[in-house]
Amino acid sequence: MAHGAVTIIDVARAAGVSKSAAARVLAQNGSASDVTRKKVLEAADRLGYRPNQLARAMKSGATNTIGIVVPDVAIPFFSAVLRGLTDTARAAGFEVLVSNTDNDADIEARSLELLAEQRVDGIVIAPVFQPEPSALIRLQNEGMPIVLLDRRMPGLEELPLVSIDHVDATEQAVRSLIELGHRRIALLTEAVQVHSTLEAFTEGPGQGSDVSLLRPSAQRLIGYLRALRQAGIAIDEDLIIRSGYTTELAQEAVEAFLDRSPDVTALHATDAVLSSGAYRGIRSRGLRIPEDLSLIGFDDQDWTTMVQPPVSVVEQPRQRLGATATTTLVGMIRGGTAEPRRQMLAAELLVRGSAAPR
């Protein structure tokens with residue numbers, strides 16, 4: 001079955017049995033021969049039939065539940081987003097089923113399948129980046145209301161997105177360092193793209209392709225490049241520090257960078273995990289913040305106000321992000337539209353004592 005919901009009639013036709021026989025087998029209610037049962041179950045599996053599809057088609061399958069699928073609920077960002085999602089959902093009369101994917105495409109596909117079988121009325125998802133998000137596309141084609149959270153990718157352009165403006169978030173941080181007189185500004189990022197591959201995005205809106213189709217880390221790298229370009233500062237690839245996504249790897253990357261780059265005067269880390277690694281790396285090399293090196297981190301974590309001086313950070317409106325995603329989804333479930341297709345929330349630079357004039 002190419003597109004649309006698969007019905008019991010479709011299964012019955014493919015199995016060569018009557019609709020009533022197919023219904024008995026699929027509902028596990030009533031008698032059916034072993035041969036009939038095998039035919040029906042094989043046909044249902046082949047066609048991708050789900051019991052909730054007929055109920056949804058008849059508009060009688062509402063369960064007042066929504067599914068939330070995120071990479072890691074233990075990450076403070078997603079924990080805060082989840083709070084905004086669940087509070088808003090319950091206020092609207094919906095309960096929530098949460099799935100943690102560990103950023104694994106196979107786990108995500110199984111989670112989506114389970115949520116569909118549980119007959120959720122809609123799904124909010126921060127999807128795993130993959131070449132072909134077939135599980136999400138299939139649910140979209142079947143009419144499941146879906147809202148993307150924080151990121152999208154090619155193939156999901158028509159789904160509504162609720163996200164932070166990742167480009168502007170990093171632009172704010174880097175602009176503030178430039179205004180303080182810094183010119184040798186390093187960026188700690190997990191983005192794998194080199195800046196030359198992002199040139200089409202660097203000049204600003206209307207240039208190149210849709211920025212929202214890139215990973216958040218790449219969008220933040222674009223913000224760094226734009227801020228430098230607008231200030232007339234030459235882009236030096238050697239100031240872009242690549243790191244894996246752990247505090248330990250970030251610390252090692254910063255230590256190695258500082259060992260070879262003594263002329264850097266400021267550093268911006270583009271993620272909460274990388275920020276803590278950056279701080280550790282700077283301290284392990286005996287540098288003072290901000291006297292020797294100014295630092296701006298990402299996300300307002302507990303530790304950022306417990307150290308001296310407190311660390312300036314780019315703060316994302318995490319709970320509001322979750323609340324907005326839920327409000328958008330509930331509107332779709334209740335028959336509203338998903339406009340605007342993209343809702344971008346602004347981050348805020350919290351200025352503290354870790355960045356000083358050059």
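Start by selecting helix α8 and colouring its buried residues: H166, V167, A169, T170, E171, Q172, A173, V174, S176, L177 and I178. Buried here means under 20% relative accessible area, exposed means over 50%, and partly exposed is in between, using a 1.4 Å probe on protein chains only. That makes α8 mostly covered, with eleven of its 14 residues buried. Helices (H or I, at least four residues) and strands (E, at least two) are DSSP runs, numbered from the N terminus.

A word on what you're looking at: this is a predicted model, where local features need pLDDT of at least 70, side-chain atom pairs count only at pLDDT 80 or more, and totals for chains, interfaces and linings use all residues. Residues are numbered from 1 along each chain as its sequence is written, and side-chain values use heavy atoms, with hydrogens and water left out.

Now put a distance label on the ends of α8, residues 166-179. From first C-alpha to last, α8 reaches 20 Å, close to the 20 Å expected at 1.5 Å a residue; the expected span is 1.5 Å times one less than the number of residues. Step just past the helix and click G181, which takes a positive phi of about 100°.

The C-alpha atoms of V351 and S176 are 175 residues apart along the chain, yet separated by 9.2 Å. V351 sits in the segment after β12 (348-350) and is exposed, with a relative accessible area of 69%.

**Next stop: the largest pocket**

Which residues are closest to the centre of the largest pocket? The pocket has a volume of about 610 Å³, and of the 28 residues that line it, N103, R151, E190, Y245 and D271 are the closest to its centre. Select α5 (76-91), α10 (216-230) and α12 (272-284), the elements that give two or more residues to this lining. The largest share, three residues, comes from α10. By class, the lining has 14 nonpolar, five polar and nine charged residues. Here Ala, Val, Leu, Ile, Met, Phe, Trp, Tyr, Cys and Pro count as nonpolar, Asp, Glu, Lys and Arg as charged, and the others, Gly among them, as polar.

How is a pocket found? On a 1 Å grid over the protein atoms alone, a pocket is an open set of points with protein on both sides within 12 Å along at least five of seven lines, while a cavity is a set of points where a 1.4 Å probe fits but cannot get out; lining residues have an atom within 4 Å of a point. Grid points are joined across faces, edges and corners, and a volume is the space filled by probe spheres set on the points.

Zoom in on R151, in the loop between β4 (146-149) and β5 (161-164). R151 is buried, with a relative accessible area of 11%. A polar atom of its side chain lies 3.1 Å from the backbone oxygen of P127.

**On to the closed space**

There is one cavity of 30 Å³ or more, and about 30 Å³ of space lies in the largest cavity. To see its lining, select R183, R184, I185, Y224, L228, I233, A234, I235, D236 and L239. Those residues divide into seven nonpolar, no polar and three charged.

**Ring spotting**

Rings of Phe, Tyr and Trp (its six-membered ring) pair if their centres lie within 6.5 Å; planes under 30 degrees apart count as stacked, over 60 as edge-to-face and the rest as tilted. The count comes to two aromatic pairs. Show F77 and F78: they are edge-to-face, 4.9 Å centre to centre with 75° between the planes. F77 counts as buried at 8% relative accessibility, and F78 is buried at 5%. Then show Y279 and W303, whose ring centres are 5.2 Å apart with planes at 55°, so the pair is tilted. Y279 lies in helix α12 and W303 in the loop between β9 (294-298) and β10 (312-315), so this pair ties together parts 24 residues apart in sequence.

**Last clicks: the backbone**

Select I289 and P290: the peptide bond between them is cis, with omega near 5°. P290 is in the loop between α12 and β9. Finish at D102, which has a positive phi of about 55° although it is not a glycine.

Notes. A polar contact is a pair of N or O atoms within 3.5 Å; within protein, one must be able to donate a hydrogen and the other to accept it, and residues adjacent in sequence count only if both atoms are side-chain atoms.
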